[in-house]
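Subject: Handing over the structure

Dear colleague,

I am passing on the structure we spoke about, with the sequence alongside. Please look it over first, and then read the notes that follow.

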Amino acid sequence: MSSTSILRQVSRLAGRAWVAGYGQTPTGPAIVLGSSRFSTSTGASNQGASNAASNGASNGASNGDIRTDWTREEVKSIYEMPFLELIHRAAGMHRAHNDPSMVQRCTLLSIKTGGCPENCNYCSQSSHWSKETGTKAEKLMDLDDVYEAAVRAKEAGSTRFCMGAAWRGPSQVGKGQWQRVLDAVTKIRALDMEVCTTLGMLTPEQAKELREAGLTAYNHNLDTSPEYYEKVTTTRKYEDRLDTIESVRQAGISVCAGGIIGLGEGHMDRIGLFHQLATLPAHPESVPINALVAVKGTPFQGHEAPTGLDIARCVATARILMPKTVVRLSAGRMNFSFADQALCFLAGANSIFDGDKLLTTPNNDRNEDMEMFDMLGLRSRPAFLPYESGQESSKEAFGGSAGPVDGKETQKMTA
């Protein structure tokens, strides 16, 4: 039997197991998840322990699963569950709140590469070590070139187009460049694509302008825990990240915020990251989970990449803590086998980035991704399906105007 046939068989059997649910769970200190209680330590089995997370597909999802008052100790207990038990619980929670066969395909384009004044130790675009990485500062791409890239992405099957600029924030650039970005958002939105940007720190006014241009979501990763953040960068503070996320949320734009695994952090830092994300005033629309791609010439060039099992544990933890959030399997997928990725999808990942690059780092081949989708029985999520954890920018997109929210654009979006 070929490896492809074996993986298909495992996928089918695993899917049946998760839908059926298991009859027993280990006992130990319990964590309240809405109406259910999760046991998190090994010991004698207890038939009475709740299986709400693992058989939610048959019993229906509970609004009580959605919490923003997690304690760090609760998050720790979930993250440190025995691995197979954690995957099982997360898979049940995923099926209770999401279609497990639907995975969104997104494309990320660097519209302004290099020359960033920040000193994020993992990033090849920092001007602090551009000589070591060989990354040259480039000009902001022309509007037409960005638009053509979005058209190609849509033709290839992507439903969300993300634009990244190596800026500290729009405040460092002139009005002309900022307007070009706003125009790109509006023009690409009219393609019936979801539009996301990652442009650094925003003021409330800049967030409002992006909202008016038609932006669907804004990405601003927290990277790691508050305690470890100063080991990652010293040119900004953790509070700066939180302030931008709040500005985005207040503007009615959906928040995309996640982290990077493999920055040299300990497992308590990973717990701290997920605790921070899960206790924001509202869960992010989406949480990208990135595996570090160590770039030669950066201070983190020697860091060991996380394993597929490391990422699956993070995906599962995020899924239990934020049941309705889109968990994006992001950078570093090239290091993972189809089986690694299948485990992540089982645990609750429901989005990937496709295309040959993620900003400046290599990414998986689209044809290989399509082969994987076919092998695992996955299908692409259409654009503008309602996001349960999205802000108004996501909710209004479905059946709403395809351009700026002030009503100037009348073209309708269709799913």
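Predicted model: local features only at pLDDT ≥ 70, side-chain atom pairs only at ≥ 80, totals over all residues.

Phe 384 is found in the loop between strand E16 (379–380) and helix H14 (392–395), and with a relative accessible area of 2% it is buried.

As for the whole chain, the protein has 14 helices and 16 strands, and buried residues make up 57% of its 415 residues. Among contacts between residues at least 6 apart in sequence, 75% join residues at least 24 apart.

Leaving aside its neighbours within four places in sequence, Leu 210 is in contact with Trp 178, Leu 182, Val 185, Thr 197, Leu 199, Leu 202, Leu 215, Tyr 218 and Ile 253. Leu 210 also takes part in the meeting of two helices, where Trp 178, Leu 182, Val 185 and Thr 186 in H7 meet Gln 206, Glu 209, Leu 210 and Ala 213 in H8. By class, this contact of H7 with H8 has five nonpolar, two polar and one charged residues. Helix H7 (residues 175–189) and helix H8 (residues 204–213) pack at an angle of about 35°, and their axes are 8 Å apart.

Turning to the aromatic rings, the count comes to one aromatic pair. Tyr 229 and Tyr 238 form this pair, which is edge-to-face, with 5.1 Å from centre to centre and 80° between the planes, and both Tyr 229 and Tyr 238 are buried. There are also arginines placed over rings: Arg 381 lies over the face of Tyr 387, at 4.0 Å from the ring centre, while Arg 313 lies over the face of Tyr 79, at 5.7 Å from the ring centre.

Arg 313 and Tyr 79 both come up again in what follows. Pro 82 and Arg 313 are 231 residues apart in sequence, yet they are 9.8 Å apart in space, C-alpha to C-alpha. The place of Pro 82 is in the loop between helix H3 (72–79) and helix H4 (83–97), and at 34% relative accessibility Pro 82 counts as partly exposed. Tyr 79, for its part, is among the residues touched by Ile 271, which also touches Arg 72, Val 75, Lys 76 and Glu 80, not counting residues up to four places away in sequence. Ile 271 lies in helix H10 (residues 267–278), and at 0% relative accessibility it counts as buried. The C-alpha atoms of Ile 271 and Glu 74 are separated by 9.7 Å, although these residues are 197 residues apart along the chain.

One further residue remains, and it is a charged one. Is Arg 105 buried or exposed? Arg 105 has a relative accessible area of 5% and is therefore buried; its place is in strand E5 (residues 102–112). Not counting residues up to four places away in sequence, Arg 105 touches Ala 156, Gly 157, Ser 158, Thr 159, Arg 160, Ile 352, Asp 354, Arg 366, Met 370, Phe 373 and Ser 380. Of these, Arg 366 is 261 residues from Arg 105 along the chain, and the C-alpha atoms of the two are separated by 10.0 Å.

How values were computed:
Residues numbered from 1 in each chain as written. Heavy atoms only, no water. Contact = heavy atoms within 4.5 Å. Phe/Tyr/Trp six-rings, centres within 6.5 Å; stacked < 30°, edge-to-face > 60°. Buried < 20%, exposed > 50% of the residue type's maximum accessible area, 1.4 Å probe, protein only. Lys NZ or Arg CZ within 6 Å of the ring centre and 35° of its normal. Axes fitted to C-alpha atoms, helices over the stretch in contact; angles between N-to-C directions. Helix = DSSP H or I, 4+ residues; strand = E, 2+ residues; numbered from the N terminus.
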